[in-house]
Amino acid sequence: MAQPFAAALAASLPAPAAAPVPVAPTYEAIPPSMTKLIDIEAEIAIHTVQLDGMVVTKIIKHAREAPSTTAHGLLLGLDLDGTLEVSNSFPLPHHSGEDGDKSNKTIARYQTSMLRSLKEVQADDSVVGFYQATTLGAFFNQTLVNTQAIHQEKLRHGGVVIVHDLSHTAKGNASFRAFRLTAAFLNAYKRSNFSTSSLINHRLTFSSILEELPLKIRTNPLLSSFLGTLTESRTSPLSDATPDAARLSVLPPSFSMLEVGSMGLNRNLEQIVEGIDNYRTEEGNIAYVTRQIARERARADAYIAKRKEENQARVAQGLAPLPEEDVTRLFKIPAEPSRLESMLLLGQIDAYGKSLGGTSGTGLAKMYAVKDGK
């Protein structure tokens, strides 16, 4: 009898209330016309670039391990209140044996895969520019200009290119500089017009292709503490230690800055001579095309003058003048050659010259010091 009574009692009780199911929130998409109004940071111009300490070490490591000066990669981070904070980076592969199209497709697939992986682990995946290794300060080349032009067109604040000089780093001075293309150069680049008249109108020279931004390096407190312990010396535990070994340090002293050598000067002079030869070759090509243009224009002008004389004679005889013909179809006048490559070569020569001046000045001071020491 106990079981039927319990069943009857359970049936008489009210059914338990079901737990309320939370309703998933719904979000309305922001209209495209409102995105610029909400994105306040887009209105603040970038005036400073900040590199994280980890990014600096990764770029140095990649540039040291890569063959020649082919080290390049992407910079990741965000822009905040006029400062472009670069918090991460990753290298891009270099395929010297492949053709251009195949290499570009391989790099694009690798870049997409890396950005997807970074997003999965909740890391910064916003591209803010790229970095490029160079030597002796000569970073002017067509590839760098084309890549930066694409970034300044696609990215919100245009992005920057970080140039890392291997020759300075080898001497113990890590060299990092931030650049972006100037507005005048971008205007001529979008029109693909680097003729003489265009350069004059835009006031373009090799020194006005890029503008440099102030750059600072940020290290977190843990890294700063670690660097402090590396440079801090301590007393030797040995009681009979010599005066030179009485103080120990994790990093031994380096005297490479005191070396009086000419290896850097020789390499620098070779690069200057090679740059001047390339510039003379480019100027010779431009002069050849310019002579062709002048020759074809002279033929076209002579044809136009002859046709005018014939028409005047026909009008004097009471005949109808001959129809005007399209001179550009009769005479193939070449387009004026681009001066962009010449400007880039001049920029390289100028960079080699400045590097030579700095190296020779330092070497001259060392020689005077050695002479006075003797």
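Colleague: What is the relative accessible area of Asn311?

Modeller: This is a predicted model whose residues are numbered from 1 along each chain as its sequence is written, in which local features need pLDDT of at least 70 and side-chain atom pairs count only at pLDDT 80 or more, while totals for chains, interfaces and linings use all residues. Side-chain values use heavy atoms, and hydrogens and water are left out. A residue is called buried under 20% relative accessible area, exposed over 50% and partly exposed in between, with a 1.4 Å probe and protein chains only. Asn311 belongs to helix H10 (residues 263-316), and this residue counts as buried because its relative accessible area is 15%.

Colleague: Which residues does Asn311 touch, not counting those up to four places away in sequence?

Modeller: Touching, or contact, means that heavy atoms lie within 4.5 Å. Once residues up to four places away in sequence are set aside, the partners of Asn311 are Pro321 and Leu322.

Colleague: What separates the C-alpha atoms of Leu115 and Asp125?

Modeller: Leu115 sits in helix H4 (residues 100-120), where helices are DSSP runs of H or I with at least four residues, strands are runs of E with at least two, and both are numbered from the N terminus. Leu115 is buried, at a relative accessible area of 18%, and, leaving aside neighbours within four places in sequence, its contacts are Leu76, Phe90, Asp125 and Val127. Although Leu115 and Asp125 are 10 residues apart along the chain, their C-alpha atoms are separated by 5.6 Å.

Colleague: What arc around the axis do the buried residues of helix H7 cover?

Modeller: Helix H7 spans residues 183-190, and its buried residues include Phe185, Leu186 and Ala188. These three are on the same side of H7, because the arc that they cover around the axis is only 165 degrees. That arc is taken from the directions from the helix axis to the C-beta atoms, and the value is 165 degrees.

Colleague: Which exposed residues does the face of H7 turned away from its buried side carry?

Modeller: H7 is followed by Ser192, a residue with a positive phi near 55 degrees. Within H7 itself, the face turned away from the buried side carries the exposed residues Ala183 and Lys190.

Colleague: What is the order of the strands in the open sheet?

Modeller: Strands of a sheet pair through backbone hydrogen bonds, either parallel or antiparallel, and two strands are taken to pair if DSSP finds at least two bridges between them. Strand S1 (residues 48-52) runs parallel to strand S3 (residues 83-91), with 4 bridges joining them, whereas strand S2 (residues 72-80) and S3 pair in the antiparallel sense over 8 bridges. The open sheet has 8 strands with mixed pairing, in the order S7-S6-S5-S4-S2-S3-S1-S8.

Colleague: Which residue in S3 stands opposite Leu74?

Modeller: In the hairpin of S2 and S3, 2 residues lie between the strands, and Asp81 takes a positive phi near 55 degrees. Elsewhere in S3, Thr83 stands opposite Thr48, and Glu85 stands opposite Gln50. The residue in S3 opposite Leu74 is Phe90.

Colleague: At about what angle does helix H5 run to S6?

Modeller: Axes are lines fitted to C-alpha atoms, for helices over the stretch in contact, and angles run from 0 to 180 degrees between N-to-C directions. Helix H5 (residues 142-154) contains Gln148, which counts as buried at 0% relative accessibility. H5 lies across S2, S4, S5, S6 and S7, and its angle to S6 is about 65 degrees.
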